Amino acid sequence: MQSVCLRSQNLSKVHDSDTRAILVGVDFGKSDFNSSLEELSLLALSAGARPISTITCKRTSPDSALYIGSGKAEEVRLAVSDHEIEIVIFNHALSPAQQRNLEKVLQVRVLDRTSLILDIFAQRAKSHEGKVQVELAQLQHLATRLIRGWTHLERQKGGIGLRGPGETQLETDRRLLGDRVKALKDKLGKLQKQRETQRRARGRSRVFSVSLVGYTNAGKSTIFNVLTKAGVYAADQLFATLDTTSRRVYLSDIGQIVVSDTVGFIRELPHQLVAAFRATLEETIHADLLLHVVDASSPTRLDQIEQVNQVLQEIGADHIPQLLVWNKIDLTDTGPGIERDEYDKIQRIFLSAKSGTGLDDLRAALSEYARQLGFGGLNEESINNEPES
């Protein structure tokens, strides 16, 4: 498969759990610096690396050549040598020149935060659409940093007769990359039309549609599994879910509703991924209600809520009603329950998907929202599909 070749030669896969890594973070004075570093460590573990050490420094602005400056780069180089490090992961987006310069100095592979997230997405994508979206995002990222390793595309397509007269290797690489990007966009367009057809059919039947959104590892898939009994993969790791999954759920006083599980969001989510996953995230855009799942035990939960809302605004889903679901209360002192505003409208639900505490409140809240939006009453399809007791 072409996508496998692209990743192995350009994104420097980090799948081997024995891959020893050093994490590098620069403190520019932001309040979330420490939590961002903790997140980088989780990302590295999710990718299959083993962080051995974390090196930090303070700067007012990045160094144009090495991002961290020559002195700190030498410190990292010595650490790489002392600990037999195979990869250095930066908690920032590096320019192509900075990445190349760092690899020359450190003599090991260097990944930035964007490349690391792309690699995790490539590992986790299961559906055909998800794999196409990931490859497109990777190619768009790599287009800015074309280096050796693209001639395999030419070889796979036959080689002879492909290279234009007087065309340099870089020009050939760019043309081949452009052709592949165009093919992937065409494929995504067809998949998007299929999804739109399914959505229109659902709209005609007036089925209440709910999408789970939230920061990665907030517990969306666990809630989805409890509500739908779908058996979707759920794990205590970042980006356990990449592909949108939709299932019907029966509510006793409403009938059938559709609940969709979506990819988790994260701070500094690469723009290539937001763009490439737009078709998948459109399930969110067209929902009647968003269940915004929050990790109640996270000390940065308010910042995570803001990060999710920023991405929702970017994809045009910020106008859809939200219901905040504070999950993982079993890890806090908070009890289950429903919080309402002065107009008696539900604001937040406190629950634990893992223990099942508060899930009845969630079902009741979904029924209440469905009725408020005009979805009350059992239709014939709902009656026919009522689960047997």
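Mentor: A cavity is a set of grid points where a 1.4 Å probe fits but cannot get out. By this rule, the predicted model has two cavities of 30 Å³ or more.

Trainee: How do you know that the second largest cavity belongs in that count?

Mentor: Its volume is about 40 Å³, and the count takes cavities of 30 Å³ or more.

Trainee: Which element supplies the largest share of the lining of the largest pocket?

Mentor: That is α12, with four residues. At least two residues each come from β1 (19-27), α2 (33-47), α5 (113-124), α10 (271-276) and α12 (301-314). In this lining, ten residues are nonpolar, eight polar and seven charged.

Trainee: Why are α9 and α13 called roughly perpendicular?

Mentor: The axes of α9 (residues 220-228) and α13 (residues 359-372) come within 12 Å and cross at roughly 75°. Angles from 65 to 115 degrees count as roughly perpendicular, and therefore the two helices are given that name.

Trainee: How do you know that α9 and α13 are in contact?

Mentor: Contact means heavy atoms within 4.5 Å. I223, V226 and L227 in α9 meet L359, L362, R363 and L366 in α13. By class, this contact has six nonpolar residues, no polar ones and one charged.

Trainee: What makes β2 and β4 the edge strands of the four-stranded sheet?

Mentor: The order of this open sheet is β2-β1-β3-β4, with parallel pairing. β2 (49-58) and β4 (109-111) each pair on one side only. From one strand to the next, the twist averages 25°.

Trainee: How do you know that β3 and β4 pair?

Mentor: Pairing needs at least two bridges. Between β3 (residues 87-90) and β4 there are three, in the parallel sense. I89 stands opposite L111 in β4.

Trainee: Which helices lie across strands of this sheet?

Mentor: Among them, α2 lies across β1, β2 and β3, at about 155° to β2. Helix α4 (residues 96-106) lies across β3 and β4, at about 145° to β4.

Trainee: What makes β11 a partner of β9 and of β10?

Mentor: The cut-off is again at least two bridges. Three bridges join β9 (residues 322-327) to β11 (residues 346-350), and these strands run parallel. Four bridges join β10 (residues 337-340) to β11, and these run antiparallel. I349 in β11 is the bridge partner of V325 and of I338.

Trainee: Which two strands form a hairpin, and how many residues lie between them?

Mentor: β10 and β11 form the hairpin, with five residues between them. In the turn, D344 has a positive phi of about 70°.

Conventions: Residues are numbered from 1 along each chain as its sequence is written. This is a predicted model: local features need pLDDT of at least 70, side-chain atom pairs count only at pLDDT 80 or more; totals for chains, interfaces and linings use all residues. Side-chain values use heavy atoms; hydrogens and water are left out. Ala, Val, Leu, Ile, Met, Phe, Trp, Tyr, Cys and Pro count as nonpolar, Asp, Glu, Lys and Arg as charged, and the others, Gly among them, as polar. On a 1 Å grid over the protein atoms alone, a cavity is a set of points where a 1.4 Å probe fits but cannot get out, and a pocket is an open set with protein on both sides within 12 Å along at least five of seven lines; lining residues have an atom within 4 Å of a point. Grid points are joined across faces, edges and corners, and a volume is the space filled by probe spheres set on the points. Axes are lines fitted to C-alpha atoms, for helices over the stretch in contact, and angles run from 0 to 180 degrees between N-to-C directions. Angles under 35 degrees count as roughly parallel, over 145 as roughly antiparallel, 65 to 115 as roughly perpendicular and the rest as oblique.
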